[in-house]
Amino acid sequence: MNWEVISDYLPMYWEALGLTLRIGWCGILLSIVIGLVTALLRYYRTPILHRLAGAYIELFRNTPLLVQLFFLYFGLPKLGISISAEFCGILGLALLGGAYMAETFRSGFTTVENTQLESALALGMTRSQAMRYVILPQAVSVSVPSFTANVIFLLKETSVFSAISLMDLMFTAKDLIGLYYKTEECLVLLVFFYLLILLPVSILGSWLERILNLGSVGKQKRGRRRAKQDDRSYASEGILRSTSSG
């Protein structure tokens, strides 16, 4: 292991890290929006759009990101639509991630009982208000583990962007290995920088999951405590009535 080589290569890896993070997080943010809209179309079973949303999910979940990137980058210019490599990476990641995020949100929606929606509507809320204030917060809290897994998966998928000549971390590692044959040093740097991206996301996801679980446990304990207090008050009322009648 040549530490001098590693120190020489570090600036190039930092530059590649910036590009990887920019494309990765832009794609993830867009995928959340796409996924939420798609999940709502499937949840409310909107005519025609519900089937189109299902077809979109099946198409992008069952084809590799690399194939999708090739279609966007090399196929669209044949149709007269030319896009930059960076936008192609963001769009490809957003479409792939949107399919996975849609199923994550939809599974969260299905955990909320229909009686809660009916109760919200009975209280005078509109469907959009019920979704915003009643269903969505509960669905998001349930979906945190799979949401975190999707984010980590999408950040790892950025490693295929080198196929469309984007100078991300993988492209930089392969380029330096091909030029100078410093395989060990390049791979150590590659692993380090991917850990630098992914470990904070994993830790943050675990922390959020723990906080939400503690909150739900606290609510259950408070509910049981109130129930016991109600039982005691009902019992005392019954004793007083029986003594007064006696």
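## Val-201 and its contacts

Let's start with Val-201, which in this predicted model touches Trp-25, Thr-148, Val-151, Ile-152 and Leu-155, once neighbours within four places in sequence are set aside. Val-201 belongs to helix 8. Is Val-201 buried or exposed? Its relative accessible area is 13%, and since buried means under 20%, Val-201 counts as buried.

One of those contacts, Ile-152, lies 49 residues from Val-201 in sequence. In space, the two C-alpha atoms are 7.1 Å apart.

Helix 8 covers residues 183-245 and includes Leu-199. With a relative accessible area of 46%, Leu-199 is partly exposed.

Helix 1 holds both Leu-21 and Ser-31. Take Leu-21 to begin with: its relative accessibility is 28%, so it counts as partly exposed. Apart from neighbours within four places in sequence, Leu-21 is in contact with Cys-26 and Ile-197. If you follow the chain from Leu-21 to Thr-158, you cover 137 residues, yet their C-alpha atoms are separated by 8.9 Å.

And what is the relative accessible area of Ser-31? It is 0%, so Ser-31 is buried. Beyond its neighbours within four places in sequence, Ser-31 meets Leu-93, Ala-94, Gly-97, Gly-98, Met-101 and Leu-154.

Helix 2 runs over residues 49-61, 13 residues in total. From first C-alpha to last it reaches 18 Å, close to the 18 Å expected at 1.5 Å a residue.

Which residues of helix 2 are buried? They are His-50, Ala-53, Gly-54, Tyr-56, Ile-57 and Phe-60. Looking down the axis of helix 2, you find these buried residues within an arc of 160 degrees, so they line one face of the helix.

What does the buried side of helix 2 pack against? Its partners are helix 1 (3-43), helix 3 (65-75) and helix 4 (85-111). On the face turned away from the buried side, helix 2 carries the exposed residues Arg-51 and Leu-52.

Technical notes:
Residues numbered from 1 in each chain as written. Predicted model: local features only at pLDDT ≥ 70, side-chain atom pairs only at ≥ 80, totals over all residues. Heavy atoms only, no water. Helix = DSSP H or I, 4+ residues; strand = E, 2+ residues; numbered from the N terminus. Expected span 1.5 Å × (residues − 1). Buried < 20%, exposed > 50% of the residue type's maximum accessible area, 1.4 Å probe, protein only. Arc of directions from axis to C-beta. Contact = heavy atoms within 4.5 Å.
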